[in-house]
Amino acid sequence: KNPTTAKKRFRVISMCDNLSLLTAWANDVSFDTVFAEQLKGLARPGDVLLVITGSGNSPNILRALETAQEVGMKTLGWLGFDGGKALSLCDRSILVRTHDYGLVESAHAVLTHLITSWLMGCRGGEP
């Protein structure tokens, strides 16, 4: 039995990694919908959308959260400042209540390490 195939897998997609897709949606429709349009083709009810934003007011993040709700996704926000409009659109959120972008981004980086560690534990340890 191959140890890598025996480990639990997660279906994870970063919607900001495909530059061709991002620019196509931005040029053909609007930058405000670059994430929402991707969700329309990728998301399933019960999936989780994690948004990471400083202000919580970026139109592309807000449209993504609205689309996620329409699809039946769970929404999690890592937010800064006062959470902005995104705060009320997230099922759960972690709010870094400061207007210092550097502190917000640093806290989000720590959260990234924590969730990575947690996910590794869920799948049984090391990659």
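**Helix packing, sheet and selected residues**

The axes of helix α3 (residues 34-42) and helix α4 (residues 59-71) approach within 7 Å and cross at roughly 25°; axes are lines fitted to C-alpha atoms, for helices over the stretch in contact, and angles run from 0 to 180 degrees between N-to-C directions. α3 is therefore roughly parallel to α4, a term for angles under 35 degrees, with over 145 counted as roughly antiparallel, 65 to 115 as roughly perpendicular and the rest as oblique. This is a predicted model, in which local features need pLDDT of at least 70 and side-chain atom pairs count only at pLDDT 80 or more, while totals for chains, interfaces and linings use all residues. Residues are numbered from 1 along each chain as its sequence is written, and side-chain values use heavy atoms, with hydrogens and water left out.

**The α3-α4 contact**

- On the α3 side, the contact is made by Val 34, Phe 35, Ala 36, Leu 39 and Lys 40; contact means heavy atoms within 4.5 Å.
- α4 contributes Asn 60, Ile 61, Arg 63, Ala 64, Thr 67 and Ala 68.
- By class, the contact of α3 with α4 has 7 nonpolar, 2 polar and 2 charged residues. Ala, Val, Leu, Ile, Met, Phe, Trp, Tyr, Cys and Pro count as nonpolar, Asp, Glu, Lys and Arg as charged, and the others, Gly among them, as polar.

**The sheet**

- An open sheet is formed by 3 strands in the order β1-β2-β3, with parallel pairing; two strands pair if DSSP finds at least two bridges between them.
- β1 (48-53) and β3 (92-96) stand at the edges with a single partner strand each, so one side of each has no neighbour in the sheet.
- From one strand to the next, the twist averages 10°.
- β1 pairs with strand β2 (residues 74-80) in the parallel sense over 6 bridges.
- Val 51 stands opposite Gly 77 in β2, and Thr 53 stands opposite Leu 79 in β2.

**Helices on the sheet**

- α4 packs on the sheet and touches β1 and β2, its direction making about 165° with that of β1.
- Helix α6 (residues 101-122) lies across β1, β2 and β3, and runs at about 140° to β2.
- β2 is mostly covered, with 5 of its 7 residues buried; buried means under 20% relative accessible area, exposed over 50%, and partly exposed in between (1.4 Å probe, protein chains only).

**Selected residues**

- His 108 lies in helix α6 and counts as buried at 6% relative accessibility.
- Leaving aside neighbours within four places in sequence, His 108 is in contact with Ile 52, Thr 53, Trp 78, Leu 79, Gly 80 and Val 96.
- Leu 50, found in strand β1, is partly exposed, with a relative accessible area of 34%.
- Not counting residues up to four places away in sequence, Leu 50 touches Leu 76 and Trp 78.

**The chain overall**

- The protein chain has 6 helices and 3 strands; helices (H or I, at least four residues) and strands (E, at least two) are DSSP runs, numbered from the N terminus.
- Of the 127 residues of the protein chain, 31% count as buried.
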